Amino acid sequence: MSTPPDWHLPRWRGRALVVGCGGIGRALLAALARRAPQLELVGASRQPLPLSGPELGAVPVLPLDLERDASLAALAVQLAGGAPLRLVIHTAGVLQDGELKPEKRLAQVRRCHLERSFAVNAFAPLLLAQAIEPLLPRDQPFHFASLSARVGSIGDNRLGGWYAYRAAKAAQNQLLHTLALEWGRRLPLGCVSLLHPGTTATALSAPFRANVPERQLFSTERAAGHLLDVLGQRRAEDSGGFWAWDGQPIPW
Ligand SMILES: NC(=O)c1ccc[n+]([C@@H]2O[C@H](COP(=O)([O-])OP(=O)(O)OC[C@H]3O[C@@H](n4cnc5c(N)ncnc54)[C@H](OP(=O)(O)O)[C@@H]3O)[C@@H](O)[C@H]2O)c1
């Protein structure tokens, strides 16, 4: 009789890659150092400076610009040859950057802003999956998770606005749900998850949280803890789901 797959993160050995070292990305690395101490941690960011801290030790951060194919290919080359990637968490995202701002009405929609938002929020996680696929284990469970956002839910959209961000997150959900179905056939020990972290105090949310009650605004540490709790409960049979920070499914 074969042994059942071990989904208990604290026992996992191999590597964990966190893509995007913004507020939630950095907090996830610190939380993983505590909660999955046998995993070797690696970050990837446009600012490839090693991260250090009392819990973290020193975590290498590889250079990655998700908007460039050559950069994704170079990341795969740098990761090749090491231990299998048991955990990949994509945390990069863009809501506002220079002229790109969440639209309040149709007149503010711009083609270049839609393209930028889709490049980072929708295309990047799928192209990341393509680049790192050869490094995933074939004989052990793994997680591939990506941060989405509740505002990407079409069923839950009652407010409107934020055309580019909402639509790019919805597109990400479709792309990774489709990936989950393909990997379910080819890499059946994998679990693909789309995760909503809740409103979290980071640079991304800073301009938009004036009306968020304090109890509903998470610190990055708290958000990271929730996200790892949710991942810890997911198995291959859950692959392709869209989950909120409290483990509840979110409608597409
Ligand atoms: N904070 C919230 O309230 C909230 C709510 C719902 C969903 N989310 C989602 O959670 C995720 C993490 O957000 P956060 O709050 O931690 O925001 P953040 O602090 O602004 O971090 C976002 C990260 O995305 C990276 N990034 C953007 N464009 C990139 C590119 N072309 N190549 C590589 N990295 C790129 C940034 O990298 P650099 O360091 O290189 O600039 C940064 O590390 C995002 O997907 C966001 O949409 C956040």
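Which residue of S8 is the bridge partner of Leu147? The partner is Leu195, and the views below set this pair in its surroundings.

The model is predicted: local features need pLDDT of at least 70, side-chain atom pairs count only at pLDDT 80 or more, and totals for chains, interfaces and linings use all residues. Residue numbers start from 1 along each chain as its sequence is written.

**View A. The open sheet of seven strands.** The strand order is S5-S2-S1-S6-S7-S8-S9, with parallel pairing. Strands (E, at least two residues) and helices (H or I, at least four residues) are DSSP runs numbered from the N terminus, and two strands pair if DSSP finds at least two bridges between them. Strand S5 (61-63) and strand S9 (241-244) are the edge strands, each pairing on one side only. On average, neighbouring strands of this sheet are turned by 25° against each other, direction ignored.

**View B. Strands S7 and S8 with helix H4.** Strand S7 (residues 142-147) and strand S8 (residues 190-196) run parallel and are joined by six bridges. Helix H4 (residues 163-186) lies across S7, S8 and S9 and runs at about 165° to S8. Axes are lines fitted to C-alpha atoms, for helices over the stretch in contact, and angles between N-to-C directions run from 0 to 180 degrees. Contact between two residues requires C-beta atoms, placed from the backbone, within 7 Å.

**View C. Packing of helices H2 and H3.** Helix H2 (residues 69-79) packs on helix H3 (residues 111-132) at an angle of about 35°, with the axes 9 Å apart. H2 contributes Leu72, Ala73, Leu75, Ala76 and Leu79 to the contact, and H3 contributes Leu127, Leu128, Ala131 and Ile132. These residues divide into nine nonpolar, no polar and no charged. Nonpolar covers Ala, Val, Leu, Ile, Met, Phe, Trp, Tyr, Cys and Pro; charged covers Asp, Glu, Lys and Arg; the others, Gly among them, are polar.

**View D. The shell around the ligand.** Of the 28 residues around the ligand, Gly22, Arg46, Gly93, Thr202 and Leu204 come nearest; a residue is near a molecule or strand if its C-beta atom, placed from the backbone, lies within 6 Å of it. The shell has twelve nonpolar, 13 polar and three charged residues. Helix H1 (residues 23-35) gives the most to this shell, with three residues.

**View E. Asp97 in its loop.** Asp97 lies in the loop between strand S6 (85-90) and H3. Asp97 counts as exposed because it has 12 C-beta neighbours inside 10 Å; the cut-offs within 10 Å are 12 or fewer other C-beta atoms for exposed and 20 or more for buried, with partly exposed in between, and C-beta atoms are placed from the backbone. The C-alpha atoms of Asp97 and Arg116 are separated by 9.7 Å, and the two residues are 19 residues apart along the chain.
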